[in-house]
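Dear colleague,

Here is the structure I said I would pass on to you. Please look it over first, and then read the notes below it.

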Amino acid sequence: MFSVSTGTIDITPGAGYPMAGYGVDSPRLATGTNRPLYARCTILYDGAVPHVLVTVDVLGFRRDTHQQIRAAVTGLGIPAEDFVLTATHTHNGPVLTEGLDPFIAYDLQNLTSVDTYTTWLVATITTLVAQTKAAPSTPCTLDYFVLDEDFSFNREGLPYAERDVPCLVARGNDGTPRAVLFGYGAHPVAGGIQTLFDADYPGPAIDAIQAAWPGCVAQFMTGPAGDQNPTSTTGFGDVDTFGGDLGDTVVNAIAHPGRVLTGPMTSSYGEVSLPLDVTLTLANVASVRADYAARAANAAVVGYERRHAQRMTQLIDTTPLADLEQTVPLPVQRWTIGGDEPLVLLFCGGEVVSGFAVDIRQENGGSAGVWFLAYTNEIPGYIPSDELLQSATYAGGYDPDFPGIAAESMAVYDHWAHFRRGAPSTDGVEQVFLTYLRQVMSEP
């Protein structure tokens, strides 16, 4: 027997607060709000067991912030495997203490307001979960759809374009939607660089669903969008167009139930260590330091890469050789909702590129059988495939000037090296990540 409870809280900072999402050489300060930002919570109860899903309109959480929130939520009596935290990844949201490194990405020197807001956000998310857990739950049924959208394209030129819109609906006994979970694989960057806080295209999509069914809480969860962008990113007009279309797609489809899921629900939580391309010898690290020093002194290099290079020379100078980062931990979580045709929700941390989802879905019955999600729990960086590591790409994390050191996405995420490519190695990031995902999917 399923039941559901929901909660929502406004998390929009005030004017003057720094905005996250694009590397800049002068902090981008908000002048106001176009559409409020929210943290939302749905708790699906399978009998007495709560399965908690929180979505937050921020760019993403890094490890320390995620672990603070997870520890606080598990302190409420919720098992770690039954709590999911996901960022909608709007690029016109607030800077957090960690996320993209505030100094490297935005040249933020004074973090007092950012630290204060981040501490408040951790406490607010914890309170939201506690209040939602304390609220009365409503008996419900669960049904599932795979819908379709077409405003995403592969910005890296690969042949994968996300189309599926997975959608899970919790309905009251009268059939009315009480909670709607839906997703799509496109970067929330339709609005482009703005000075107004905004949730990007998920915002108007959520508004449309909640307007159709007052009292319903809708939550958007970003799919494998690491290499996927909307087809246009020119401003709030694109936000409204794409979000409105996505919302209408969901509203029209869920007016009637989809495939019924009867339970039970099971869950698991684990981590995989993804390998960086590093050689920990004194001579090699000295060479890496020299490359970073050269990049830091090159005025022609983009600002965030110069600031990253400054930080990396300091890191190498102050860190014992054996303590330099060699792998990156990545959370992977699985929820399974049983029925005649069970559904697996596979929650992956990081900015996962779409090729991984293509493989996992093909091996497990498509999106009808597995809902592949990214940007979940914590985001240590892009998770690139070998295709993207074969040449210098933003997602691949290096530049042609010094291909042996981190750049592009791995610079804004403050790593000192990029991920290891598989060929000719057999233990590159693609091989390690896919092997772990397949292990998780094979669990009973």
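What follows is an account of what was found, taken region by region.

This is a predicted model, in which local features need pLDDT of at least 70 and side-chain atom pairs count only at pLDDT 80 or more, while totals for chains, interfaces and linings use all residues. Residues are numbered from 1 along each chain as its sequence is written, and side-chain values use heavy atoms, with hydrogens and water left out.

I begin with the aromatic residues. Rings of Phe, Tyr and Trp (its six-membered ring) are taken as a pair if their centres lie within 6.5 Å, and planes under 30 degrees apart count as stacked, over 60 as edge-to-face and the rest as tilted. By this rule there are 11 aromatic pairs. In one of them the ring centres of Phe151 and Tyr184 are 4.7 Å apart and the planes stand at 55 degrees, so the pair is tilted. This pair links distant parts of the chain, 33 residues apart, since Phe151 is in the loop between strand S8 (138-148) and strand S9 (152-154), whereas Tyr184 is in strand S11 (residues 177-184). Helices (H or I, at least four residues) and strands (E, at least two) are DSSP runs, numbered from the N terminus. Phe151 also pairs with Tyr201, with the centres 5.2 Å apart and the planes at 80 degrees, so this pair is edge-to-face. Tyr201 lies in the loop between strand S12 (196-197) and helix H4 (202-212), so the pair ties together parts that are 50 residues apart in sequence. Ring pairs join Phe151, Phe182, Tyr184, Tyr201, Phe220 and Phe242 into a cluster. As for accessibility, buried means under 20% relative accessible area, exposed over 50% and partly exposed in between (1.4 Å probe, protein chains only). Phe151 is buried with a relative accessible area of 3%, Tyr201 is buried at 0%, and Tyr184 is buried as well.

Phe220 of that cluster belongs to strand S13, which brings me to the strand itself. Six of the six residues of S13 (residues 217-222) are buried, so the strand is largely enclosed by the rest of the structure. In a regular strand the side chains alternate between the two faces of the sheet. Both faces of S13 are covered, with Val217, Gln219 and Met221 buried on one side and Ala218, Phe220 and Thr222 buried on the other. S13 pairs with S11 in the parallel sense over six bridges, where strands are said to pair if DSSP finds at least two bridges between them. Met221 is the bridge partner in S13 of Gly183.

Two helices come next. Helix H3 (residues 112-134) has 23 residues and reaches 33 Å from its first C-alpha to its last, close to the 33 Å expected at 1.5 Å a residue, the expected span being 1.5 Å times one less than the number of residues. Its buried residues include Val114, Tyr117, Leu121, Ile125 and Leu128, and what covers the buried residues of H3 includes strand S1 (2-10), strand S4 (38-46) and helix H1 (63-74). In H4 the buried residues are Pro202, Gly203, Pro204, Ala205, Ile206 and Ile209, and they pack against S4, S11, S13 and helix H5 (236-253).

Some individual residues may also interest you. Arg171 is found in strand S10 (residues 164-171) and is buried at 2% relative accessibility. Its side chain reaches the backbone oxygen of Gly175 at 3.2 Å, and the backbone oxygen of Ile254 lies 2.9 Å from a polar atom of the Arg171 side chain. Gln194, in the loop between S11 and S12, has a side chain that reaches the backbone oxygen of Gly191 at 2.7 Å. Ala30 lies in the loop between strand S2 (19-20) and strand S3 (32-33) and is buried, with a relative accessible area of 4%. Not counting residues up to four places away in sequence, Ala30 touches residues including Gly14, Tyr17, Thr195 and Phe197, where contact means heavy atoms within 4.5 Å.

Finally, the cysteines. The structure holds zero disulfides, a disulfide being a pair of cysteine sulfur atoms within 2.5 Å. The sulfur of Cys216 is 9.3 Å from the closest cysteine sulfur, in Cys167, which is too far for a bond. Cys216 is buried at 4% relative accessibility, and Cys348 is buried at 0%.

With best wishes

Note on methods
Polar contact = N/O pair within 3.5 Å; in protein donor to acceptor, adjacent residues only side chain to side chain.
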